[in-house]
Amino acid sequence: MSDNDNNTSANNVGAMRTYFYHALNIDKQRCIGCSHCMKNCPTEAIRVRNGKATIYANRCIDCGECYKGCPTGAVFVAQDDFEDIYHYKHRVILVPSVFLGQFQEDIKASQVYSILLDIGFTHIVEVETAAPIHCLARNAYAGKHKEHKPLISTYCPAVVRLIQVKFPALVNNLIATKAPVDFAAAYIRKKLLDNGENIKSEEIGLFYITPCAAKIAATKSPVGETKSSVDGVINMDFMYNKVYKEIKKKGKNFETKVSANDVTSDGIMYSLTNGEKRTALCKKSYAIDEIKNVTEFLEKVEDEEVTGVDFLELRACDQGCPGGILTCGNRFLIKERIAQRAKQLANRERNGEIDRNKDINNYKDYLLDNMAVGQILPRSMMVLDENINVALEKLNTIRQIMTRLPQTDCCVCGAPSCHALAEDVACGNAELTDCVFIQRNLEERGNMKQDESMKIMKKIWGSSKFLLLWFVFSFFSLNLFAQNVTIEGRGVGIGGKTIRIYETTDQISNLEKEAGQYVVAPDDSLFTFKLTLDDVTPLIIRIDNYQYSFLAQRGTIYNLYIHPFNYNIADSLNFYAHKIILPIEIISDSLELNRRISDFDARFENFVASRLDRLMLNRPKAIRDSLATFTSQFINDSSDTSYFATYVKYETSQLLYSLGLLNREKMKADLFADKPIEYANIGYMDCFNLIFEDYIAHGNKSMPPMVVERWIENQQFETMIDSLGTDSVLKNEVFRELVFLKGMRDAFFTKGTDRNGVMKLIDVFIGKTKFEKHKAIAQNIKTYLQNISNGVEIEDFILANAEGEKVNMKSMLNEKPVILCFVKVKDVVCRRELETIHLLYDKLKDSIKIVVISFDPSLDALYNFVKNTKVGSRYTFDMLHFNLNWDMLDKFHINDFPTFILLSPEGKILESHLAKPSDMEGIIDDNVENYRSKWQRFMMPNQQK
């Protein structure tokens with residue numbers, strides 16, 4: 001099957017272009033459409049159509065991940081016919097060291113050379129012979145192009161193409177020099193032409209033994225050049241089998257006089273991971289292998305998360321070339337053999353057995369003069385249209401399609417991800433109805449018949465398997481669709497805002513996890529979220545420092561409306577860091593759970609307020625009867641076990657328990673003993689948290705506080721669990737563990753408790769519990785407590801100075817500890833503390849660094865304060881703006897302004913929530929060596945729960 005049969009099948013609508021030769025192909029007869037290759041591809045270059053895999057040529061980088069993942073061997077690598085070597089009088093074989101590394105230790109390199117001559121080659125050159133010259137060329141290029149950092153090696157052609165198609169912003173960072181194989185080819189061609197035997201250039205054929213498909217593609221269509229120095233490529237697995245077969249015929253001990261000493265010991269290691277890095281003249285460089293790792297790292301480089309790096313050696317294969325898809329041996333064994341060969345050669349060089357001055361050095365100037373390649377250009381994975389306006393329209397179409405897709409990346413549509421399907425639809429290569437979730441939605445609305453869905457599946461997956469797949473996909477799509485939650489809405493004045501949505505992981509840790517974010521276009525007012533939830537889950541929608549909480553149920557669509565709201569005015573009135581409620585209205589909620597709970601909460605609050613006098617008089621029977629009548633308005637059937645009924649039961653029970661209107665021990669038993677735990681019900685968990693508040697931390701009948709402290713200190717986990725079991729309500733092992741977890745979280749915040757002991761007990765619990773739900777809760781508690789503990793390294797936020805220039809937070813760190821001061825410059829209290837810092841700064845500046853971070857919503861407020869006020873213009877310490885990083889409030893657990901946090905020179909939190917500087921005034925003398933202990937004496941411990 002030809003290359004064109006496989007690689008150009010999706011080139012319609014002007015969206016796809018074939019730029020390069022590709023060595024990877026798919027045998028349609030062997031392909032079973034299993035989608036392994038599609039899932040493995042790092043550039044989403046493969047689709048399944050009619051039950052067969054198809055390669056999109058414009059996306060393919062020939063990395064070979066599809067080859068490695070194919071279970072049937074349907075993916076194959078095209079190669080030149082071996083008989084082509086006989087078209088040339090002088091036949092040169094370019095041998096990489098990794099080829100020699102495949103042979104067992106008892107087979108010498110000279111023996112392999114001898115066989116290569118026997119089977120038809122006239123000259124042999126080891127590719128790594130050119131490594132020293134290539135190294136000189138690379139370092140010379142680096143010295144002339146210091147403005148592009150990090151410079152990236154072009155040794156691996158798969159990495160070069162990856163950068164072209166996926167990271168086009170980094171193409172200028174690629175070192176525009178030829179690869180070592182081209183240096184070696186240029187060297188041997190020049191040498192043969194100069195030897196005086198009247199050899200003509202067209203009589204010389206240069207053939208390279210390749211360990212991977214990418215180097216075949218690089219030879220057939222070199223980047224930055226019109227033609228390669230190499231005339232043909234032979235696959236390494238083919239050549240290894242051919243050579244090894246001849247060696248077996250002759251026996252491993254056959255004699256040969258062929259020399260194999262043109263390569264240096266350093267050169268032999270060149271193809272391995274770290275091979276280039278070890279010879280790079282750079283202060284800071286990294287060597288990274290395997291395509292997934294390379295992609296992940298390049299994303300960080302492109303996002304400027306990685307800075308200060310001079311050189312990157314990147315390899316698509318694990319261990320470098322020994323991991324190539326065309327090698328025949330284990331990559332680790334190959335690597336070790338290459339290293340041993342290099343070691344032996346180095347010993348011979350040191351002993352004078354081998355001349356270090358190689359023949360290739362005579363051609364150094366010639367090679368360096370011809371080492372450059374042309375400009376390496378980006379190679380777009382998708383040209384949406386030649387007309388920029390049409391292309392922009394298609395981009396907008398992709399965005400709109402994405403809002404309708406489930407974001408599950410299930411691959412049922414024959415594309416590797418929802419985003420890939422959206423691109424295919426926009427370019428006319430797929431239909432939106434290829435998505436099984438869309439099919440289900442249309443079926444439920446009566447807009448699509450089931451046989452139409454089956455035809456679509458048949459088109460994608462082929463007639464031989466579509467019935468089985470239809471059954472499987474129908475089952476799973478129904479399950480996934482039931483879990484999917486859509487949150488869509490509109491708002492006034494939200495253009496340009498970033499809307500974040502958070503999920504509360506559980507009601508014990510109260511850990512918030514970001515579930516998604518949506519950046520509203522400046523002239524837009526719409527937003528959409530697609531989430532997958534396991535159960536009823538409390539969600540928080542947050543804009544800046546304003547939020548709205550509600551419950552989300554799987555399989556539900558929520559339509560929200562954000563009422564007009566002046567974010568700046570609201571923030572200027574909020575001198576605390578508390579979240580202000582966003583004016584959001586749930587327009588439609590198919591299950592109406594939020595409306596029912598909101599209605600109950602409002603009426604229950606009125607019920608309590610209107611009976612406050614009777615509650616104070618504590619008339620048990622009258623209140624109980626009145627409460628029962630009130631509850632019956634919402635729950636008529638006592639057997640109702642719905643979420644809402646459970647919520648009402650446990651919310652009202654909190655009032656009865658708090659006032660002691662029923663026997664509390666009996667209430668605990670009735671509410672929790674041998675009852676299913678309603679982890680997701682906020683009413684149940686509110687009641688649980690109330691009743692078991694500080695149950696362990698403050699002690700109980702069987703666990704006095706002093707005893708609990710000793711148990712925590714001595715890590716007596718089993719003793720604590722057994723003691724909890726003496727409570728009749730806690731006989732149930734599952735419920736007892738939940739109480740333990742609640743107790744550990746409370747104990748952490750109890751004064752005098754060994755916090756490290758608490759954390760260790762949580763680790764013990766994680767290792768011993770057999771309930772996955774509890775293990776997850778324990779891990780969430782641990783994460784939450786670690787985030788607020790001293791010793792945590794801060795995140796690197798991007799801030800702004802008064803002029804608006806961007807500043808990395810960690811760039812503020814130096815050899816001295818740093819005090820971060822979180823303030824609002826418009827607040828009177830904050831200004832007083834800033835003035836105190838100013839008065840103290842002369843005494844402190846040699847020992848600490850002061851960094852003030854303004855949380856005023858507008859950068860103008862900081863600018864005016866620093867530049868246009870007599871007070872602010874006197875300050876010499878750093879003053880920055882938080883640059884709308886509202887997450888900093890949560891990351892640093894800031895509850896009000898001003899807040900002060902002490903960092904180590906390395907950026908770890910030494911103490912959080914220090915005393916205000918005004919509390920220190922008068923106690924700091926000229927000797928400030930122990931300033932930190934003095935500040936700590938006035939520290940306000942964080943007791944926030």
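## Contacts and overall make-up

Let's start with how the chain meets itself: take the contacts between residues at least 6 apart in sequence, and 73% of them join residues at least 24 apart. Keep in mind that this is a predicted model.

What does the secondary structure come to? The chain has 35 helices and 27 strands. It runs to 945 residues, and 54% of those count as buried.

## A look at Lys 668

Now for a single residue. Lys 668 sits in helix α25, which spans residues 664-672. Is Lys 668 buried or exposed? Lys 668 counts as buried because its relative accessibility is 5%, and the cut-off for buried is under 20%.

Which residues does Lys 668 touch, leaving aside those up to four places away in sequence? Its contacts are Tyr 657, Ala 673, Ile 691, Phe 692, Tyr 695, Asp 727 and Val 729.

Across the chain, the mean pLDDT is 82, and 88% of the residues reach 70 or more.

Two stretches call for some care. Over residues 1-18, pLDDT stays under 50, though the model still has 52 contacts beyond four places in sequence for them. Over residues 921-945, pLDDT also stays under 50, and here the model has 49 such contacts beyond four places in sequence.

Definitions and conventions:
Residues are numbered from 1 along each chain as its sequence is written. This is a predicted model: local features need pLDDT of at least 70, side-chain atom pairs count only at pLDDT 80 or more; totals for chains, interfaces and linings use all residues. Side-chain values use heavy atoms; hydrogens and water are left out. Helices (H or I, at least four residues) and strands (E, at least two) are DSSP runs, numbered from the N terminus. Buried means under 20% relative accessible area, exposed over 50%, partly exposed in between (1.4 Å probe, protein chains only). Contact means heavy atoms within 4.5 Å. pLDDT is the predictor's confidence in each residue, from 0 to 100.
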